[in-house]
Amino acid sequence: MSMFQIFSVSGSAVSAQSQRLNVVASNLANADTVAGPDGQAYKARQVVFQTALMGAGNDIGSAGVKVSTISEDQTPGRRVLDPKHPKADAEGYVTYSNVNTVEEMVNMISASRSYQNNIEVMSTAKSLLLKTLQMGQS
Amino acid sequence: MLNRLTDALNFQTQALALRSERQRLLASNIANADTPGYQARDMDFARALREATSASGVGGNSASPGAAGTAGASAGPNNLARTQAGHLALSMGARRESELLFSTAAQTNMDSNSVDMDRERASFADNSVKYEATLRFINGSVRTALDAMKSHNAG
């Protein structure tokens with residue numbers, strides 16, 4: 001039954017989207033961070049999705065999703081003049097993270113909608129399969 | 001005589017297998033709605049059903065569809081030729097890649113992803129309803145057959 005593969009397809013999409021939500025959460029949490037783990041300002045991260053074939057062989061019918069890489073945004077961070085700040089440089093500027101909050105919120109909405117879509121796909125597939133199991137019984 | 005009963009079921013079985021295959025395709029499209037460069041696929045259901053039923057010979061040979069994939073069997077427009085023992089059979093209802101169509105999005109996307117979520121969701125709902133309809137047809141035929149087999153005074 002090819003319908004059973006829907007669970008692995010949608011399941012992979014759900015886990016990829018939840019990873020995306022995770023990254024969005026860490027970006028939003030670090031929107032005002034001055035120093036990241038490397039001492040530099042925090043760099044916004046972004047997941048890169050890739051199609052992952054789930055079926056046997058080269059069956060393109062069941063194409064799941066996987067997160068291929070998590071890339072860091074290399075644009076320079078926000079610079080704010082604040083000479084009294086302990087992290088201020090010689091010119092008195094503090095470099096904050098390069099997280100764009102509006103972009104991250106949009107990303108979050110998109111991820112949660114996709115998550116919902118895939119959950120709905122799975123519940124539809126589940127109810128259809130349960131009805132298939134009762135075939136000829138009623 | 002039983003042949004006639006199973007022949008009617010055979011058509012519905014093929015339809016059900018194709019419906020579940022299409023359901024899987026649409027689920028893949030929905031799963032990849034955010035994957036850059038993904039091309040949405042869909043199938044021509046009418047053509048696929050026509051080919052599937054003519055290949056398995058509905059009304060003629062009523063071999064179970066699963067048996068169509070025995071080694072050496074190569075005929076049938078939706079069957080890949082399997083000339084070596086190591087060749088894998090496509091699962092029932094699975095399509096060759098060349099038989100799948102590309103669906104184009106109504107609005108183009110920056111990341112060349114061609115999934116049109118509105119249409120995919122609509123097709124998914126449509127396909128689930130039709131899957132259930134096919135299931136009911138099968139249940140109906142089974143019930144009819146069982147009723148016909150019942151003895152007169154069994155109630």
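## Exercises on a predicted two-chain model

Helix 3 of chain B, residues 117-149, has 33 residues and reaches 48 Å from its first C-alpha to its last, close to the 48 Å expected at 1.5 Å a residue.

**Exercise 1.** Determine which residues of helix 3 of chain B are buried and what covers them.

*Solution.* Begin with the burial criterion, under which a residue is buried if 20 or more other C-beta atoms lie within 10 Å of its own. In helix 3 of chain B, the residues that are buried include B:Glu120, B:Phe124, B:Asn127, B:Tyr131, B:Thr134 and B:Ile138. Next, recall that an α-helix has 3.6 residues a turn, so residues three or four places apart point the same way. Finally, look for what lies over these positions: the cover of the buried residues includes helix 1 (2-31) of chain B and, from the other chain, helix 2 of chain A.

**Exercise 2.** Describe how helix 1 of chain B packs against helix 3 of chain B.

*Solution.* Two packed helices are described by the angle between their axes and the distance between the axes. For helix 1 and helix 3 of chain B the angle is about 160° and the axes are 9 Å apart. Angles over 145 degrees count as roughly antiparallel, and therefore helix 1 of chain B is roughly antiparallel to helix 3 of chain B. The crossing of helix 1 of chain B with helix 3 of chain B is left-handed. Sorted by class, this contact has 13 nonpolar, nine polar and four charged residues.

**Exercise 3.** Carry out the analysis for helix 1 (residues 5-29) and helix 2 (residues 101-133) of chain A.

*Solution.* The axes of these two helices of chain A come within 9 Å and cross at roughly 160°, which means that helix 1 of chain A is roughly antiparallel to helix 2 of chain A. Helix 1 of chain A passes helix 2 of chain A in a left-handed crossing. Their contact has 14 nonpolar, nine polar and two charged residues.

**Exercise 4.** Characterise the side of chain A that touches chain B.

*Solution.* Start with the extent of the contact, in which 33 residues of chain A meet 30 residues of chain B. Then assign the chain A side to its elements: helix 1, strand 1 (45-53), strand 2 (63-72) and helix 2 of chain A each supply at least two residues. Helix 2 of chain A gives the most, with nine residues. By class, the chain A side has 14 nonpolar, 17 polar and two charged residues.

**Exercise 5.** Locate A:Ala31 and list its contacts beyond four places in sequence.

*Solution.* A:Ala31 sits in the loop between helix 1 and strand 1 of chain A, and A:Ala31 is partly exposed, with 16 other C-beta atoms within 10 Å. Leaving aside residues up to four places away in sequence, A:Ala31 touches A:Ser97, A:Val99 and A:Thr101.

How values were computed:
Residues are numbered from 1 along each chain as its sequence is written. Chains are lettered from A and ligands numbered from 1 in the order in which they are written. This is a predicted model: local features need pLDDT of at least 70, side-chain atom pairs count only at pLDDT 80 or more; totals for chains, interfaces and linings use all residues. Axes are lines fitted to C-alpha atoms, for helices over the stretch in contact, and angles run from 0 to 180 degrees between N-to-C directions. Angles under 35 degrees count as roughly parallel, over 145 as roughly antiparallel, 65 to 115 as roughly perpendicular and the rest as oblique. A crossing is left-handed if the near helix is turned anticlockwise from the far one by less than a right angle, and right-handed if clockwise. Ala, Val, Leu, Ile, Met, Phe, Trp, Tyr, Cys and Pro count as nonpolar, Asp, Glu, Lys and Arg as charged, and the others, Gly among them, as polar. Two residues are in contact if their C-beta atoms, placed from the backbone, lie within 7 Å. The expected span of a helix is 1.5 Å times one less than its number of residues. A residue is buried if 20 or more other C-beta atoms lie within 10 Å of its own, exposed if 12 or fewer, and partly exposed in between; C-beta atoms are placed from the backbone.
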